[in-house]
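Work through the exercises below with the structure at hand. Each task is followed by a worked solution.

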Amino acid sequence: LKWETTYQNNIGLDLQLFNSAVNISADYYIKKTKDMLTNPPALNVAGENATMWLNTGDMKNTGWEISLGYNSPRYGDFSWSGSLNVSQYKNKLVRLNSRQNFVGDTFRLIPGQPMGVYYGYICDGIFQDDVEVANHATQTGAAPGRLIYRDLNHDGVVDSNDRCIIGDPNPDLSLGLNLNFKYRDFSLDMFFAGDFGFDIYNGMKNNLLSMNHGDLWLNRSRDILNAWTPDNRNTGIPALALADDNNESRASTYYVQDGSFLKMQYLKLSYSVPEKLIKKIKATNLTVYGQVENLFTITGYDGLDPELLPGVYGARFDNGAYPRPRTFTVGLNIQF
């Protein structure tokens, strides 16, 4: 065995224009990793020492990043500045090893695909009546009010051969925006951040919308009050049942949601006490400030917080992690 090896090529450009009022930085990179360590499976009858770590995996990453900065001239007592950072990356598992076509189950490493893609069934809505059930491929547990799974290979039976890639946890675009406004001794700072074009596997959806998940005394979402019934068909929530005969806890597009979001990470208002007023206490600087963190989030995601840390193989799995709190801070900075 040996260490994996990484080769990276970068090309970049840095510009300062208009007496450094405008700053532009651009970077493009190609990163290749060879001889990644993998642990191919072996037959159990071969004994405990049959599995071996091998230098077999190859990965390729490409990406770009652009930063734009601006510092305004002073307009009397007012000035402002801002910086915008936009980036994108693409990764691909080029090669795994000769013994495996993939690693993982719902979250997978598949040669030729990005890290941590989601793998499962395509859900096509809810059966509305017995006619739809009869006209569909054979699906164990199919009934009015139950989820429909696509017969992807058109063999007339819904089974494990109908699974495919159903989501990608890697964002298409990421951005950060800093803004600063100054008026006399006041300063207003704000920071926005966002990821766009990535998928979240919402595991909490099964917990909150299925009566057959866990014990009956567990909390459910009030959304189950809109579950499917013969008189309430215009809904995306299947009929309530104590048994999961249709295996609706299986990995499917029913649990995959777009996680795109834009957050205002913080807003800070500061006031610097004039120097002539702080000389009496022999201070060189005195600043009073108030700050709010995690002010708001713009997203279409149903869960508590779309800003999830990547987990197994880089997948973004929402298991009900406690969301980031909104924090209010009042502070005083003093220097002598």
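## Salt bridges and cores

The model is predicted.

**Exercise 1.** Classify arginine 184 by accessibility, then describe its salt bridge with aspartate 77.

*Solution.*
1. Arginine 184 has a relative accessible area of 58%. The cut-off for exposed is over 50%, so arginine 184 is exposed.
2. Its side chain meets that of aspartate 77 in a salt bridge, at 2.9 Å from N to O.
3. Arginine 184 sits in the loop between strands S11 and S12, and aspartate 77 in the loop between S3 and S4. The two are 107 residues apart, and the pair links distant parts of the chain.
4. Aspartate 77 is partly exposed, at 32% relative accessibility.

**Exercise 2.** Which parts does the salt bridge between lysine 2 and aspartate 35 tie together?

*Solution.*
1. The closest N and O atoms of lysine 2 and aspartate 35 are 3.2 Å apart.
2. Lysine 2 lies in the segment before strand S1, and aspartate 35 in strand S2, so the pair ties together parts 33 residues apart in sequence.
3. Is aspartate 35 buried or exposed? Its relative accessibility is 18%. Buried means under 20%, so aspartate 35 counts as buried.

**Exercise 3.** Describe the largest nonpolar core.

*Solution.*
1. This core has 25 residues.
2. Among those with the most contacts inside it are Tyr118, Leu147 and Tyr201.
3. Strands S8, S9 and S10 each supply at least two of its residues.
4. A second, separate core has six residues, including Met36 and Leu96.

Conventions
Residues are numbered from 1 along each chain as its sequence is written. This is a predicted model: local features need pLDDT of at least 70, side-chain atom pairs count only at pLDDT 80 or more; totals for chains, interfaces and linings use all residues. Side-chain values use heavy atoms; hydrogens and water are left out. A nonpolar core is a set of buried Ala, Val, Leu, Ile, Met, Phe, Trp, Tyr and Cys residues joined through side-chain atoms within 4.5 Å. Buried means under 20% relative accessible area, exposed over 50%, partly exposed in between (1.4 Å probe, protein chains only). Helices (H or I, at least four residues) and strands (E, at least two) are DSSP runs, numbered from the N terminus. A salt bridge is a side-chain nitrogen of Lys or Arg within 4 Å of a carboxyl oxygen of Asp or Glu.
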